[in-house]
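Please examine the sequence and the three-dimensional structure shown here. This briefing concerns pockets and aromatic rings.

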Amino acid sequence: MYHAYPHYVIKNVELWTAEGVEKGRDVEVHEGRVVSIHPSAEYASPVTIIDGSGLVLMPAGVDPQVHLRVPGQEQKETPGTGLLAALRGGVAAVLSMPNTKPVIDSVKVCEMAAFELDEAEKQTGVRAYLSAAITRDLKGQEAVDYQALAEWGVKAFTDDGVGVVKDELMEAVFQASAVTGLPVLQHAEYPGHGGVLAAGPVQEKIGSKPYPAAAEADMVARDLKLLAKYPKARYHVLHVSAHETLELVADAKRRGLPVTCEVSPHHLWFSSHDIDEHNSAFKMNPPLRSPEDREALRQALKSGVVDFVATDHAPHESSVKTENFKTAAFGTTGLETSLRVLLSLWKEGLLEPKDVVRCFSKKPAEFLGISDEFGSIKPGLPLKAALVDPRTEETVSEDDLYSLSKNNCFVGQKLTGHVEAMFLSDRFYRFR
C-alpha cells in the first residue's frame, strides 16, 4: 500500500504553510523527519527523488470531529475504512466521537476502542485519537469520571449528537476542563423543536417543522454565561450553522472568554436552497441554513472567528438513509471531500493558501495539543503532508469515497484539487 523511504527529497514543489507560499522548494526527509527545505538543487549522493513539479505540498489535515463508529457500529464504518477515507482526503489525524455502542464514557470502553483501532492505525499510518462523553451513556443525567478519562489520554469531552441541557452538568465539565486542560465540545441544540431541516424550499415541500437557529444559539448563549465563571476552562462549539451563533462567539472572543468554534465543509458549500429532496445525505444536524448563514460562515472562517474546519464525518448504512427526510438518520460523510471544498474556496478567491493550511491543519493540531507532530512542515519535525494537484477540477463520484458508507452530499459536485500522495514520516502513499 505504501513505499518506505529512509531518505528522500520532494523536489521542486510549491510549499503551502500557515505562514504563506514558497515556490520551487526541495523538501529533504531523513528517517521520517524534515532535515532541510531549500531552493531546488542537484544531489550527488544516492537519494530517492519524488518529483513535485506543478504540485503543492501542504501539512496533512487534522480533523477534530469524526464518527469512526468504533466500537460497535461496524455496519456504518470500520476502523480500516474510516482511516482509509481520512488518508485519501489528505488527513493524517482524527478525533473520534464517543456516540458508539457502548458509549465511550469509561476507561474500559476507551481501551476497547483503542484496541479495535490499533491495526488500522498501523496499516494506514493515520492517527486516531478519542474523545469521551460528558455524561454517562449520553443521557445527560450523570457526569463521567473526567479525571480518570483525562489520565487515560482522551483529547476532549463531548456528548456530540445531543446538547447538554442541565446547567449543573455543564458547570461540572467546565470545572473538569479547567483542571485537565481538555476542551469541552458542545453539540449546541436544545431539544423539543421537532425540526429536521431549516426553513427552506424542501422543508416546506415535505411539510416538516423548521429546525430553528435558536435551538443552537440559545444553548451557546447559556454556555457562555456559565463559562464566564471558569476562565481556565476550554469551550468549543461544534459545527456552527447560524449567524446568530457566530455573533455570540465573536462577542465572547472580544471579551476574552476561552471559546473556539468550527464549521463543517457542507455548511460552507451548501444552503437550504441547495438540498436535493431525493438525497437524504443532505439531512444533517445541525441543518443547512439560509444562503445568508452560509455567507456569514464563510466570512467568519476567513476572518478567524471560526477557528478551523471539521467534517462531522457521519457514515450510515443505506437502510437508515432512505429518501424520507422525516425519518432518515442525520449525517453526511466528509473525510474524502473536505480539502477539496477548501481548495474550491481558495480557487474562488475567498481563502488564501495560508488560510487553507490554518483551518485544515495547523489550528486543529494546536487545538488537540498535537502540533509537535501535525500541522507544520519544518526542519526537525516528522513530515505529515499531502501532495496535491490544485489545477484539477473534477466531479465527486462514489468511486472517490473510501468510507464504508456512501452518504456524502458532495457526490455530483465539481470540486477543485486532487490528493496525489501522502507522506507520513518515512511512508509514501501514491494515489495516482
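The model is predicted. Its largest pocket holds about 390 Å³ of space, and the second largest pocket holds about 160 Å³. A search of the whole structure also finds 12 aromatic pairs.

**The largest pocket**
- The lining of the largest pocket consists of 21 residues.
- Nearest the centre of this pocket lie Arg69, Asn99, Gly161, His316 and Phe330.
- Sorted by class, the lining of the largest pocket comprises four nonpolar, 12 polar and five charged residues.

**The second largest pocket**
- About 160 Å³ of space lies in the second largest pocket.
- This second largest pocket is lined by 13 residues, and the closest to its centre are Asn279, Ser318, Lys321, Lys406 and Asn407.
- By class, the lining of the second largest pocket contains one nonpolar, seven polar and five charged residues.

**Aromatic rings**
- Tyr5, Tyr8, Phe423 and Phe428 are linked into a cluster by ring pairs.

**Charges over rings**
- Phe330, one of the residues nearest the centre of the largest pocket, has Lys283 over its face, at 4.5 Å from the ring centre.
- The ring of Phe431 has the charged end of Arg88 over it, 4.1 Å from the ring's centre.

Conventions: Residues are numbered from 1 along each chain as its sequence is written. This is a predicted model: local features need pLDDT of at least 70, side-chain atom pairs count only at pLDDT 80 or more; totals for chains, interfaces and linings use all residues. Side-chain values use heavy atoms; hydrogens and water are left out. On a 1 Å grid over the protein atoms alone, a cavity is a set of points where a 1.4 Å probe fits but cannot get out, and a pocket is an open set with protein on both sides within 12 Å along at least five of seven lines; lining residues have an atom within 4 Å of a point. Grid points are joined across faces, edges and corners, and a volume is the space filled by probe spheres set on the points. Ala, Val, Leu, Ile, Met, Phe, Trp, Tyr, Cys and Pro count as nonpolar, Asp, Glu, Lys and Arg as charged, and the others, Gly among them, as polar. Rings of Phe, Tyr and Trp (its six-membered ring) pair if their centres lie within 6.5 Å; planes under 30 degrees apart count as stacked, over 60 as edge-to-face and the rest as tilted. A charge sits over a ring if NZ of Lys or CZ of Arg is within 6 Å of the ring centre and within 35 degrees of the ring normal.
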